[in-house]
Amino acid sequence: MRKSLERDKINVRIFSELLYRMSGFDMNRFEVTTKIGCLSVTYKKRNRVLVCLNGAGLIPTYENFLPILEKLPSSMGYLTIDFPNTGRSSIHNQAGLNFDSLVDTVYEILKGLEISDYILCVHSLGGVLALKLMSKPIKCQALIALEPTTKNIMFADFSKNPYPEMEDQMRMIEECGPENYFKGLTQATFAPETDRLIWELMEARGLELEKQVPGFQISGNITAEDFDSLSLADNIPIFIFCQAYREKEYRDSEYWSTKTKLILGGNHHYLQWSESEKIATIIRDLQR
């Protein structure tokens, strides 16, 4: 893995359409060959780095966190990684792979890029990955988790409606359809050019996945044991952003410690978009 990373650092394949010079970002995008597939990585090198990890879904990680990244101070670097079969990463069958394979791969990328001091910013299912990653030797200064997945909700019986407070939102999603609902959120968040790019990438990945043979698996297996094996360091600050109705869930969850702080707000699951200014403020404060 390290040899592959070192080779890619020398022979970096930059995607010229996506240098984002117009945004003032001196970042690079390149591919890293790993045991779980060829992953697209976006990296801006600094002494301290914000590592952004997605949840489930096909959206590219860089664009998903762009409302936060564009608010970072120039002294702050960042790293985004598209998981297999999402964003700009390659199509690669994850059958036979478990969640630890993904965790180990992210850790190897951090090591290969010689990142030694970072803040984690994760969304949804990325929260489980974050808790496992934080137990690795590289220093994590803080975790910012945006409605991270908990064991209780991962294995909940949704036929019994664990969130009655979501009824209005679910009714809206049913009426307009999940794709149109999501399109409404992206259109309200991103500039037209970025919104168009996001949907082009997601639709291209979706079409490729539709062509795969039966038995093709988009992501590695995640089990109850993945949650049971988590251990949370009491010395790492954790900031959880969540909608108000999920407050009790997080207070009772594996993300809770004496260093955990809840920030309530938003009216949908993509808090990296609606709460980006609050999130960027916390990151700037951690920099001081």
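The following legends describe close-up views of a predicted model.

Residues are numbered from 1 along each chain as its sequence is written.

**View 1. Confidence along the chain.** The mean pLDDT of the chain is 89, and 91% of its residues reach 70 or more. Over residues 1-25, pLDDT stays under 50.

**View 2. The largest nonpolar core.** A nonpolar core is a set of buried Ala, Val, Leu, Ile, Met, Phe, Trp, Tyr and Cys residues joined through side-chain atoms within 4.5 Å; buried means under 20% relative accessible area, exposed over 50%, and partly exposed in between (1.4 Å probe, protein chains only). The largest such core has 45 residues, and Leu53, Leu79 and Tyr118 are among those with the most contacts inside it. Contact means heavy atoms within 4.5 Å. Helix 4 (residues 99-112) gives the most to this core, with seven residues; helices (H or I, at least four residues) and strands (E, at least two) are DSSP runs, numbered from the N terminus.

**View 3. The surroundings of Thr80.** Thr80 belongs to strand 4 (residues 76-81) and is buried, at 2% relative accessibility. Beyond four places in sequence, its contacts include Ser40, Cys52 and Leu69.

**View 4. Cys121 and Cys52.** A disulfide is a pair of cysteine sulfur atoms within 2.5 Å. The sulfur of Cys121 lies 5.0 Å from the closest cysteine sulfur, in Cys52, and is therefore too far for a bond. Cys121 is buried, with a relative accessible area of 0%.

Key. This is a predicted model: local features need pLDDT of at least 70, side-chain atom pairs count only at pLDDT 80 or more; totals for chains, interfaces and linings use all residues. Side-chain values use heavy atoms; hydrogens and water are left out. pLDDT is the predictor's confidence in each residue, from 0 to 100.
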